[in-house]
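Look at the charged side chains in the structure below. The text that follows goes through some of their pairings.

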Amino acid sequence: MLSRLFAPKVKVSAHCDLPCGVYDPAQARIEAESVKAVQDKMQANDDPQFQTRAIVIKEQRAELAKHHVSVLWSDYFKPPHFESYPQLHQLVNDTLKALSAAKGSSDPATGQKALDLIAEIDRIFWETKKA
């Protein structure tokens, strides 16, 4: 009896988790910009306490950026996108690896590489939104 009471009355479907508009590579970009900004600040400050706090923040932000890229890959991009952009799988993989490298480095060049790759994902994302 309870199963009938709580059974869905209407079935709905969507090509993603929610109707489009909830995904945006800007989330990954903002977190990656924070990673690079922390790396820049680390270069200018050798205080051990500052360095420790900066590492924690940088690692958290890098993980958040990786999460946002992973969500785009697993939840937004669909087979037709991968057909139109065959480099997309490799691009996402390279971006995740770059974010891991930035997470473990104080060199701003690693943060910039991640930002450059996220910019390419962003370009593709907005092209797919036009289609």
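How many salt bridges does the structure hold? There are 7 salt bridges, a salt bridge being a side-chain nitrogen of Lys or Arg within 4 Å of a carboxyl oxygen of Asp or Glu. Side chains of opposite charge can pair when their charged atoms come close.

This is a predicted model, in which local features need pLDDT of at least 70, side-chain atom pairs count only at pLDDT 80 or more, and totals for chains, interfaces and linings use all residues. Residues are numbered from 1 along each chain as its sequence is written, and side-chain values use heavy atoms, with hydrogens and water left out.

One of the salt bridges joins E31 and R61, at 3.3 Å from N to O. This pair links distant parts of the chain, 30 residues apart: E31 lies in helix α2 (residues 26–43) and R61 in helix α3 (residues 48–76). Helices are DSSP runs (H or I, at least four residues), numbered from the N terminus. E31 is buried, at 13% relative accessible area, while R61 is partly exposed at 30%. Buried means under 20% relative accessible area, exposed over 50%, and partly exposed in between (1.4 Å probe, protein chains only).

A salt bridge also connects E63 and K103, whose closest N and O atoms are 2.7 Å apart. Here E63 in helix α3 pairs with K103 in helix α5 (residues 88–103), 40 residues away. E63 is partly exposed, at 34% relative accessibility, and K103 is partly exposed at 24%.

E120 and R123 form a salt bridge at 2.5 Å, N to O. They are 3 residues apart in helix α6 (residues 108–130), so about one helical turn separates them.

Note on methods
Helix = DSSP H or I, 4+ residues; strand = E, 2+ residues; numbered from the N terminus.
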